[in-house]
Amino acid sequence: MIRKYKNIKTAAKGYAFISLNFIGVIVFWMIPLIFSFIISISKWDYSKGIRGLKLTGFSNYVEMWKDEWFRASLVNNIIFTISFVAILIVLSFIVAYVLNEYVIGKKLAQLGLYLPYIVNVVAISAVWLALFSTNGPILNIIRSLGIDNPPVFIADIKWALPTVILICVWQNLGYTVILFLSGMINIPKDLYEAAGIDGATVLQKIKHVTIPSLSGTTFFIIITSIINSFKVFGLINLMTHGGPGTSTTMLVYNIYRTGFQFGKLEFASAQGVVLLLIIFIITWIQFRIQLKNEGVV
């Protein structure tokens with residue numbers, strides 16, 4: 001009885017510790033998620049409050065796919081995600097390796113790289129808009145190289161999305177570099193020494209020692225980067241407003257535009273559910289691949 005009482009007391013303490021977070025998850029995540037799904041399968045007359053909510057099935061999901069802005073935002077987001085994640089992973093790994101092997105003042109370099117990640121997105125947008133303005137330094141430098149009519153990057157329908165991708169890579173580079181660098185520091189030196197004795201070159205050491213040792217770190221970065229790429233909103237809202245045309249419209253921005261600018265909460269909620277499913281499927285696939293590589297499944 002005494003042991004049973006102690007176990008109950010210990011469990012009660014544990015539940016007490018997690019109760020506040022659990023309540024927060026229910027109130028601020030589960031309830032809005034359920035309500036959002038209900039709205040997505042309904043037609044809602046806001047003037048009547050909850051009584052104006054009438055279930056209509058999945059008609060909103062069918063109509064959603066007929067919307068040009070939604071289709072464009074989905075395609076743009078897929079292009080953005082693939083490009084952003086690929087460039088970020090490769091560039092971050094290279095920078096982290098150079099810092100780890102050849103740079104003495106690592107801390108100062110890490111601070112400089114990390115600053116863009118913590119700077120407010122409003123400040124970042126203002127700086128890059130000034131840099132890419134018609135008479136800004138970037139276009140002036142290009143003109144000085146002999147190119148008379150350079151593209152107006154942010155305002156150019158062909159260059160706007162690549163420009164946003166590069167800005168997002170620059171913004172997130174420091175964070176991923178620090179993650180890679182932390183993983184590289186923890187790789188045992190014995191592995192490199194053994195590879196060196198076997199006659200491995202620098203590239204072979206990277207391929208057979210560094211990259212396999214960083215599989216867990218790389219997996220974490222890929223998952224978080226993919227999720228973040230589907231949540232990009234601040235830069236789009238402040239710099240391009242989804243334009244020119246639909247060239248930089250992303251899913252989250254289109255959800256905001258549909259729900260709050262045009263008042264179509266049913267379609268916005270349907271798009272939100274689709275976005276949630278996309279992120280869930282991608283994350284599930286990544287976990288299955290990771291577990292398979294580790295021999296768990």
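Helices are DSSP runs of H or I with at least four residues, numbered from the N terminus. The labels in the legends below follow that numbering, and the model shown is a predicted one.

**Figure 1. The loop between α11 and α12, with proline 244.** This close-up shows a cis peptide bond that runs from glycine 243 to proline 244, with an omega near -5 degrees. Proline 244 belongs to the loop that joins α11 and α12. Histidine 241 is also part of the loop between α11 and α12. Although histidine 241 is not a glycine, its phi is positive, at about 55 degrees. As background to both features, most peptide bonds are trans, and most residues other than glycine have a negative phi.

**Figure 2. The packing of helix α8 against helix α9.** Helix α8 covers residues 189-197 and helix α9 covers residues 202-213; their axes come within 10 Å and cross at roughly 160 degrees. Angles over 145 degrees count as roughly antiparallel, and α8 is therefore roughly antiparallel to α9. The crossing of these two helices, α8 and α9, is right-handed. On the α8 side the contact is made by Leu191, Tyr192, Ala195 and Gly196, and on the α9 side by Lys205, Val209, Thr210 and Ser213. Sorted by class, the residues in the contact of α8 with α9 are four nonpolar, three polar and one charged.

**Figure 3. The packing of α3 against α7.** The axes of α3 and α7 lie 7 Å apart, and the two helices pack at an angle of about 40 degrees. At that angle α3 and α7 are therefore oblique to each other. The crossing of α3 and α7 is right-handed. The contact of α3 with α7 comprises 23 nonpolar and six polar residues, with no charged residues.

**Figure 4. The largest pocket of the model, with a volume of about 460 Å³.** The lining consists of 15 residues, of which Pro32, Leu33, Ser36, Ile255 and Gly272 are the closest to the centre of the largest pocket. Three helices, α1 (2-40), α12 (251-261) and α13 (265-293), each contribute at least two residues to the lining of the largest pocket. Helix α13 provides the largest share of this lining, six residues. In terms of class, the lining of the largest pocket holds eleven nonpolar and four polar residues, and no charged residues.

**Figure 5. The second largest pocket, with about 330 Å³ of space.** This second largest pocket is lined by 21 residues; Gln171, Asn172, Asn228, Ser229 and Val232 are the closest to its centre. Two or more lining residues of the second largest pocket come from each of α3 (68-102), α7 (160-185), α10 (215-229) and α11 (234-240). With six residues, α7 has the largest share of the lining of the second largest pocket. The lining of the second largest pocket divides into twelve nonpolar residues, eight polar residues and one charged residue.

Conventions. Residues numbered from 1 in each chain as written. Predicted model: local features only at pLDDT ≥ 70, side-chain atom pairs only at ≥ 80, totals over all residues. Heavy atoms only, no water. Axes fitted to C-alpha atoms, helices over the stretch in contact; angles between N-to-C directions. Parallel < 35°, antiparallel > 145°, perpendicular 65-115°, else oblique. Left-handed = near helix turned anticlockwise from the far one by under 90°. Contact = heavy atoms within 4.5 Å. Nonpolar A, V, L, I, M, F, W, Y, C, P; charged D, E, K, R; others polar. 1 Å grid on protein atoms, 1.4 Å probe; cavity = no way out; pocket = protein on both sides within 12 Å on 5 of 7 lines; lining within 4 Å. Points joined across faces, edges and corners; volume = space filled by probe spheres on them.
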